[in-house]
Amino acid sequence: MSALAGVALEHPVMNAAGTCKSVEDVDAFARSAVAAIVVGSITRQPRTGNAGNVYWPGRIYSINALGLPNRGLDYYGAHLPRMVDQAHEAGKPLIVSVAGFDVGEYAEIAEVVAGTGVDLIELNLACPNVWDGSAQKRIACFDPDQTAAVCTAVGDALLARAAGDPARRVPYGVKISPFSDPAALAELAAALAEPAGRPGGPRFVTAVNTFPNALVIDAGNRPVVDVELAGMSGPALKPVGLGQVRQLRRLLPDIVDVVGAGGVGEGRDVAEYLRAGAVAVQAATAFWNRGEDPSVFGSILAGWIDQMDPAAP
C-alpha cells in the first residue's frame with residue numbers, strides 16, 4: 001500500500017490531470033488499474049481550450065497545447081458527487097485538479113470542490129498553454145509570492161469549510177512546472193514549506209507538468225500544433241522530472257509528499273521516481289499515445305510489479 005497526503009493508495013500509479021474530465025471518463029478510469037482518479041483541471045467558467053490541432057504524439061517526446069478544456073465549476077459542482085461515488089465504489093480515491101486565473105478563483109473553486117466529497121485537491125500552478133488573445137498568461141508557480149498567496153487563500157477556505165478542524169479538511173497540493181534554476185526551485189520550495197507548517201498548508205507537490213513553450217516543425221516547415229508553442233512531455237522529460245523530484249524531496253519538509261510526473265510509460269519509470277523520493281506517479285502522455293486507452297495503466301503497473309520482483313531481470 002502507498003499513501004498520498006494521508007490518503008491510502010493501493011499502489012503508486014495514477015493518471016495525470018488532463019486525461020479525465022467527465023462522468024463517462026471517471027467510469028472508464030474506475031474500471032482501470034489506476035490507484036486514484038485525477039479529474040480536471042477545472043476552471044470557474046467552461047473552456048473549450050485552444051482551437052485547431054493541440055496534440056502531437058512522438059516516440060521520444062510529445063507536445064500539447066490543450067488550453068484547459070473543461071465544463072466549468074457549475075458542471076463539476078453538480079456532477080462531482082456522482083464521480084466520487086463511482087471512484088469509491090471501485091475502491092479508488094478521487095483527486096480534482098483546480099486551475100484559477102487569480103488567487104480568489106483558486107480559493108472559490110477549491111471550496112466548492114471540497115464540498116462534493118473528493119479526497120484530495122491538486123492546484124494546477126503550471127499550465128503553460130493558456131492565452132489571452134495573443135498574450136500567453138504567466139505560469140503561476142514561477143512566482144513564489146503568488147504561489148504562497150494561492151496556498152494561503154485555499155488553505156484558509158478549506159479550513160473554514162471544515163469548521164476549523166484540520167482533521168476534516170480536504171488535503172491539497174500543488175502541481176508545478178520544471179525549474180531549470182535550482183535557486184528558483186529552492187525559493188518555490190521555501191514558499192510552500194512555510195504554509196505547510198500550518199494546519200491549512202499544502203500536503204503534496206506534483207512535479208512536473210510539461211516543459212513550457214516547445215516548438216516542433218513538420219516536414220512542410222509548419223508548427224505541428226496550431227498555437228505553435230506547446231508543452232513538451234513524454235520520455236524526454238523523465239530525467240528532468242526525476243531531478244525535480246530529487247531536489248524537492250531534499251528541500252521540502254517530510255509532511256509534504258512528492259508525486260512524480262513526466263515520462264512515465266513503463267514500470268521502470270515508476271521505480272525510478274520512487275527511488276528519487278516520490279510516493280506516487282502520474283501519467284498522461286502514455287495514455288494519449290495509446291489512443292486514450294486506460295489499459296495502459298495496467299501495463300505500467302504490471303511492469304512496476306515486475307521491477308519489484310527480485311526474480312525479474
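A polar contact is a pair of N or O atoms within 3.5 Å; within protein, one must be able to donate a hydrogen and the other to accept it. Keep that in mind for the first view of this predicted model.

**View 1. S22 and its surroundings.** Welcome to a serine in the loop between β3 (13-15) and α1 (23-30). The side chain of S22 makes a polar contact of 3.3 Å with the side chain of E24. Looking past the neighbours within four places in sequence, you will find S22 in contact with R71, Y75 and M83. S22 counts as buried because its relative accessibility is 6%, and buried means under 20%.

**View 2. Two cysteines, C20 and C141.** Are these residues buried or exposed? C20 has 0% relative accessibility, so this cysteine counts as buried. C141 is buried too, with a relative accessible area of 0%. As for sulfur pairs within 2.5 Å, the count of disulfides comes to zero.

**View 3. The largest pocket.** Here is an open space with a volume of about 540 Å³. Its lining is made up of 39 residues, and those closest to the centre are N64, N209, T210, A284 and W288.

**View 4. What the pocket lining is made of.** Which element gives the largest share of the lining of the largest pocket? That is α8, with four residues. Sorted by class, the lining holds 18 polar, 16 nonpolar and five charged residues.

Terms used
Residues are numbered from 1 along each chain as its sequence is written. This is a predicted model: local features need pLDDT of at least 70, side-chain atom pairs count only at pLDDT 80 or more; totals for chains, interfaces and linings use all residues. Side-chain values use heavy atoms; hydrogens and water are left out. On a 1 Å grid over the protein atoms alone, a cavity is a set of points where a 1.4 Å probe fits but cannot get out, and a pocket is an open set with protein on both sides within 12 Å along at least five of seven lines; lining residues have an atom within 4 Å of a point. Grid points are joined across faces, edges and corners, and a volume is the space filled by probe spheres set on the points. Helices (H or I, at least four residues) and strands (E, at least two) are DSSP runs, numbered from the N terminus. Ala, Val, Leu, Ile, Met, Phe, Trp, Tyr, Cys and Pro count as nonpolar, Asp, Glu, Lys and Arg as charged, and the others, Gly among them, as polar. Buried means under 20% relative accessible area, exposed over 50%, partly exposed in between (1.4 Å probe, protein chains only). Contact means heavy atoms within 4.5 Å.
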